[in-house]
Amino acid sequence: MKPTFIIGNWKSLKTTTEANAWFDKAEELLKNDPIAEHKTVVISVPFTLLPLAKERVAKANLKIFVGAQDVSPYDAGAYTGGVNVQQVGEFATHVLIGHSERRQFFGETPQLLEEKVKRVGQTAITPIFLVRSLNDAIPLGVTIVGYEPVEAIGSGRPDTPENANNMAKQIKERYPFVEYVLYGGSVTAENVAQFTQCEYLNGVVPGRASLAPEGFFALVHNA
Ligand code: PGA
């Protein structure tokens with residue numbers, strides 16, 4: 001079985017109460033349907049929920065990893081509002097960098113994203129670098145890339161598996177240091193297998209489909 005990554009992304013959603021309810025249900029679902037060995041499942045939560053997520057995963061010994069959705073490009077210091085790599089690393093093993101929503105709504109530039117990758121590279125945290133197309137450069141040191149065409153995000157109109165596979169092939173050819181390419185954009189429990197079956201794809205990045213535990217673990221099961 002080839003390694004398969006499922007990187008859930010809660011975006012700017014969920015309170016502590018909602019997150020606790022998600023983990024209650026996750027525990028129950030995973031008891032009946034454990035995650036297969038070759039699958040790496042990460043749930044990327046808002047900063048405020050990182051301690052809770054880490055604790056819930058550890059307590060119930062869930063086979064999922066906790067991810068952050070962003071990290072400061074600066075080290076510890078006088079950077080008000082910044083959450084640096086050491087702080088993220090206390091709770092998370094993975095971090096999303098370069099999501100199109102960060103680029104669009106927070107004005108994140110290629111230079112800034114490269115700085116973030118550099119900082120993360122000095123730690124044990126695994127970056128998952130997200131690109132919208134081949135026009136987004138991938139910094140050295142990135143081994144996991146998510147290809148997420150903007151039109152497919154949140155629209156219910158995923159890219160075709162053929163096109164996503166072809167993009168993954170091109171990314172791997174252009175950036176030989178990239179080991180795994182994932183697809184994101186309107187992935188569901190119903191369509192996930194079409195993507196994970198593709199030769200050059202190594203997993204998926206579900207947003208909305210990660211919010212309800214039933215749907216998310218059905219997606220993990222089908223991946
Ligand atoms: P979506 O989001 O699954 O809700 O389309 C994907 C993403 O933004 O990573």
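## Helix H1 against helix H2

Helices H1 and H2 are roughly parallel to each other, because angles under 35 degrees count as such and the two helices pack at about 20°. In this predicted model, H1 spans residues 16-32 and H2 spans residues 50-59, and their axes are 11 Å apart. The crossing of H1 past H2 is right-handed.

On the H1 side, Thr16, Ala19, Asn20, Phe23, Asp24 and Glu27 make the contact, and on the H2 side Leu52, Ala53, Arg56 and Val57 take part. Classified by residue type, this contact of H1 with H2 comprises five nonpolar, two polar and three charged residues.

## Helix H1 against helix H8

H1 also packs with helix H8, formed by residues 213-222, at an angle of about 40° and with the axes 9 Å apart. H1 is therefore oblique to H8. Here too the crossing is described: H1 passes H8 in a right-handed sense.

The contact involves Trp22, Lys25, Ala26, Leu29 and Leu30 of H1, together with Pro213, Glu214, Phe216 and Phe217 of H8. Seven nonpolar and two charged residues make up the contact of H1 with H8, with no polar residue among them.

## Ligand surroundings

The ligand is surrounded by 13 residues, of which Lys11, His99, Glu148, Gly154 and Ser186 are the closest.

A side-chain N or O atom of lysine 11 is 2.8 Å from an oxygen atom of the ligand. For glycine 207, a polar backbone atom is 2.8 Å from a ligand oxygen atom. Arginine 208 places a backbone N or O atom 2.9 Å from an oxygen atom of the ligand.

Key
Residues are numbered from 1 along each chain as its sequence is written. This is a predicted model: local features need pLDDT of at least 70, side-chain atom pairs count only at pLDDT 80 or more; totals for chains, interfaces and linings use all residues. Side-chain values use heavy atoms; hydrogens and water are left out. Axes are lines fitted to C-alpha atoms, for helices over the stretch in contact, and angles run from 0 to 180 degrees between N-to-C directions. Helices (H or I, at least four residues) and strands (E, at least two) are DSSP runs, numbered from the N terminus. Angles under 35 degrees count as roughly parallel, over 145 as roughly antiparallel, 65 to 115 as roughly perpendicular and the rest as oblique. A crossing is left-handed if the near helix is turned anticlockwise from the far one by less than a right angle, and right-handed if clockwise. Contact means heavy atoms within 4.5 Å. Ala, Val, Leu, Ile, Met, Phe, Trp, Tyr, Cys and Pro count as nonpolar, Asp, Glu, Lys and Arg as charged, and the others, Gly among them, as polar. A residue is near a molecule or strand if one of its heavy atoms lies within 4 Å of it. A polar contact is a pair of N or O atoms within 3.5 Å; within protein, one must be able to donate a hydrogen and the other to accept it, and residues adjacent in sequence count only if both atoms are side-chain atoms.
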